[in-house]
Amino acid sequence: MTEPFRCPWARSPEEVLYHDTEWGVPSRDDRVHFEFLILEAAQAGLSWLTVLRKREGYRRAFAAFDPEAVARFGSADVARLMADAGIVRNRLKIESAIHNAGPYLRLAERHGSFAAWLWDFVDGRPVDGRRESLADVPATTPLGEKVSRALKAEGFRFVGPTVVYAHLQATGLVNDHLVTCFRHEAVAGLA
């Protein structure tokens, strides 16, 4: 049996599993969005594979991505996290993840959920990038830049346009599976 064609960035077993089951699947789950805000910021300057391999460490270290629990983290938690080999030990990334729980919760309270606020940027429907090749997949887009500006205006840190666009791809606000990838149509059908 031949393997289906998938986006060429998915090479390792971890990347293949993530690509085939999660990447691009539209999510309206606030905890999923909080998780990816942390993970995508952690990935900045690193490979996604590095972060995937540390994902369980992040889940443990960041209270199963519970934003209310993370918002209560203090300096002792920063020290604990800096010593945790199960995550990327970068002080700025750790401190921004903790800090971002505050604006995240405030947005969720004002809009009913963080996901609802975010999905308003695409009128509730995923953007289909219709990418033909990996070279066609941008690092960011005007949408990524717009959401990044809005997050920064709300007080978020470490949410540049590239980090934000990766978040939009991961959580399905944008379908950037190549059109020849077996997941493209499946993900589009979930919209």
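Disulfides. I took a disulfide to be a pair of cysteine sulfur atoms within 2.5 Å, and by this rule I counted zero disulfides. C7 is in no disulfide, and the nearest cysteine sulfur to its own, that of C181, is 3.8 Å away. C181 is likewise in no disulfide, with the sulfur of C7 as the nearest, at 3.8 Å. I called a residue buried under 20% relative accessible area, exposed over 50% and partly exposed in between, using a 1.4 Å probe and protein chains only. On that scale C7 counts as buried at 2% relative accessibility, and C181 is buried at 3%.

Ground rules. I am working from a predicted model, in which local features need pLDDT of at least 70 and side-chain atom pairs count only at pLDDT 80 or more, while totals for chains, interfaces and linings use all residues. Residues are numbered from 1 along each chain as its sequence is written, and side-chain values use heavy atoms, with hydrogens and water left out.

Helix α1 and D20. I read helices (H or I, at least four residues) and strands (E, at least two) as DSSP runs numbered from the N terminus, and I found D20 in helix α1, which covers residues 13–21. D20 itself touches R6, F182 and R183, leaving aside residues up to four places away in sequence.

I also looked for polar contacts, meaning a pair of N or O atoms within 3.5 Å; within protein, one must be able to donate a hydrogen and the other to accept it, and residues adjacent in sequence count only if both atoms are side-chain atoms. The side chain of D20 makes one with the side chain of H19, at 2.7 Å.

V25. I then moved to V25, which sits in the loop between α1 and α2 and is partly exposed, with a relative accessible area of 22%. V25 and A186 are 161 residues apart in sequence, yet their C-alpha atoms are 9.0 Å apart in space. Not counting residues up to four places away in sequence, V25 touches A170, T171, G172, R183, V187 and L190.

N175. I placed N175 in strand β2, residues 174–175, and found N175 buried, with a relative accessible area of 3%. The side chain of N175 reaches the backbone nitrogen of H177 at 3.1 Å. With residues up to four places away in sequence set aside, the residues that N175 touches are V127, D128, G129, R130, H184, V187 and A188.

Largest pocket. Which residues lie nearest the centre of the largest pocket? I found W9, Q43, W48, A166 and Q169 there, out of 23 lining residues. The elements giving two or more residues to this lining are α1, α2, α3 and α10, and α10 gives the most, with five residues. A pocket here, on a 1 Å grid over the protein atoms alone, is an open set of points where a 1.4 Å probe fits, with protein on both sides within 12 Å along at least five of seven lines, and lining residues have an atom within 4 Å of a point.

Methods:
Contact = heavy atoms within 4.5 Å.
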